[in-house]
Amino acid sequence: MVEYDFKNDEIANIANNIIIYAVSKRASDIHFDPCEQGLKVRLRIDGVLQDHAIVPLAYQKNLTTRLKLISNMNITESRLPQDGAIKDTINGIDLDMRVSSLNTNLGEKIVIRILDYSKSTEGLEALGFTPKNLVKIKKMIEVPNGIILITGATGTGKSTTVYTMLQHLNKEETNIITVEDPIEMNIEGINQIQVNSEIGLTFGRVLRSILRQDPNIILIGEIRDSETAQIAVRASITGHLVFSTVHTNNSLSTIERLLDMNVERYLLSSALTGIVSQKLARRLCPHCRKKRPTTNYEKAVFKEILGKDINEIEDVNGHCDNCRNGYYGRIAIQEVLLISDEIRSAINDPSISRDKLRELVYTSDVTTLLQDGLEKVLEGITTFEEIYKNVAIDNELDEKYMEEDYFEEVEEVTKNQATIDKPDVIEPTIETSTDTIDEIDEII
């Protein structure tokens, strides 16, 4: 925990220092959570929240007001939720952040999302796609018309992926128009429109006007309702390439979701070009990772899913000065479906069962999220535990092979390996003020 001098330092400096510290630690979000002691400040680093500081109760209101002020929010309104943004240079660092406030029973909660789209300027190759999936992606975006959907939960990198695709297509001869809520990244050469429902500027209304603006490519920030879905699909079959995002977990659930939104089957089958589903897993620290034997359960999963006999994999090895708990950064786990004629026919057939549609989707040369994740485990990019946590493993597979608790087995394997590798004399130095109990166990 970091202690700030609230008595002697200005509240503006403390707010700046918290933000700068979070940026320096690669945090994606800063949470200011009201509690009985004041405000608990937490940082989300590599997808995991960790405590950072406590703001005393006497200074809670001042800090909240300061954050709302620099976010262009109404500082006199504390009952209703508000959204704001911070675009400024603090201590020489250019910052682009989204800010949200929400009233709770203990006071206002503020969350700052730190936007980092540096990956989107590095090209498609920097997004972690396998060579096979990268070929599919390039085929998708070269199609002159159709709809391409990027799917996943909140915070899984959908915006980064779609902005990277737009950057790739952003050329002199192309007219690109986006409708977003909010606009997350300003891109030179692209016409971007901010939705404002308070004045009736909704996704549906903007989309109808966009079609009169002679666009080649349209980005719809998110498909949230039936009206938006239907207009997006109709736009894609009238000569436009449409990109959008949907909150679904995989390719099959995306198709089902659009059908539930009352998109006509014949339109969806004609319009849908491809689906990119993704999740984020923490990357193994390259400086302190270590090989260990696989457990019986892991061997069974690798054999069942990849058809490979795997006897050892990379795993965390405590932590070092370069990482937190053995991880540094995150990597995308992806599933890319390029729609084939057979799948189009199946989507257009109202009598087809879900199982039959699943069979067609996942036997059409698709690398599933689980397969992609396990391959990245074999490459030493992430851990089996991360994939197990982030990607759903079939219940039947779990029941078939999970004869004993997986995590207890991993702990036993790690202990045995540590005993084998342990030198004759060890004199560990432990700083109990900063290490958690788990970290102390790993060091010992």
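The largest nonpolar core has 38 residues. Seven of its members have the most contacts inside it: I147, V179, I220, I223, I255, L272 and L337. Helix 6, residues 226-236, gives this core its largest share, 5 residues. Another core lies apart from it, with 28 residues, among them I19, I90, L95 and V99. Nonpolar side chains tend to be buried together in soluble globular proteins. All of this is read from a predicted model.

Neighbours within four places in sequence are left aside here. Beyond them, V179 is in contact with I193, V195, F203, V206, L207, I210, L219, I220 and G221. I220 is also on the list of core residues with the most contacts.

**The chain as a whole**

The chain has 16 helices and 15 strands. It runs to 444 residues, and 47% of them count as buried. Take the contacts with a separation of 6 or more: residues 24 or more positions apart account for 63% of these. The chain exposes about 22700 Å². Carbon and sulfur atoms supply 45% of that area.

Helix 3 spans residues 131-141. Which of its residues are buried? They are N133, L134, K136, I137, M140 and I141. These residues cover an arc of only 160° around the axis, so they sit on the same side of helix 3. The general rule behind such a pattern is simple: an α-helix has 3.6 residues a turn, so residues three or four places apart point the same way.

Several elements cover the buried residues of helix 3. The strands include strand 7 (146-151), strand 11 (241-246), strand 12 (272-284) and strand 15 (327-338). Helix 4 (158-169) and helix 12 (369-378) also take part.

Helix 12 is largely enclosed by the rest of the structure, because 7 of its 10 residues are buried. The buried ones are L369, L370, D372, G373, L374, K376 and V377. They pack against helix 3, helix 9 (296-306) and helix 13 (384-390). Strand 12, strand 14 and strand 15 are packing partners too. Just after helix 12, G380 takes a positive phi of about 80°.

**Backbone details in the loops**

D46 lies between strand 2 (38-45) and strand 3 (48-56), in the loop. N325 lies in the loop between strand 14 (312-315) and strand 15.

A cis peptide bond runs from D181 to P182, with omega near 0°. P182 is found in the loop between strand 8 (176-180) and strand 9 (191-194).

**Cysteines**

How many disulfides are there? The count comes to 0. C323 is buried, with a relative accessible area of 14%. C35 is buried as well, with a relative accessible area of 15%.

S28 is found in strand 1, residues 27-35. Is S28 buried or exposed? S28 is buried, because its relative accessible area of 19% falls under the 20% cut-off. Leaving aside neighbours within four places in sequence, S28 is in contact with R44, I112, R113, I114 and R330.

T76 is found in the loop between helix 2 (57-70) and strand 4 (82-90). Why does T76 count as exposed? Its relative accessibility is 71%, and exposed means over 50%. A polar contact of 2.6 Å joins the side chains of T76 and N74. T65 is 11 residues from T76 along the chain, and their C-alpha atoms are separated by 8.8 Å.

Definitions and conventions: Residues are numbered from 1 along each chain as its sequence is written. This is a predicted model: local features need pLDDT of at least 70, side-chain atom pairs count only at pLDDT 80 or more; totals for chains, interfaces and linings use all residues. Side-chain values use heavy atoms; hydrogens and water are left out. Helices (H or I, at least four residues) and strands (E, at least two) are DSSP runs, numbered from the N terminus. Buried means under 20% relative accessible area, exposed over 50%, partly exposed in between (1.4 Å probe, protein chains only). A polar contact is a pair of N or O atoms within 3.5 Å; within protein, one must be able to donate a hydrogen and the other to accept it, and residues adjacent in sequence count only if both atoms are side-chain atoms. The arc is that of the directions from the helix axis to the C-beta atoms. Contact means heavy atoms within 4.5 Å. Accessible areas come from the Shrake-Rupley method with a 1.4 Å probe; for residues, only the protein chains shown count as cover. A disulfide is a pair of cysteine sulfur atoms within 2.5 Å. A nonpolar core is a set of buried Ala, Val, Leu, Ile, Met, Phe, Trp, Tyr and Cys residues joined through side-chain atoms within 4.5 Å.
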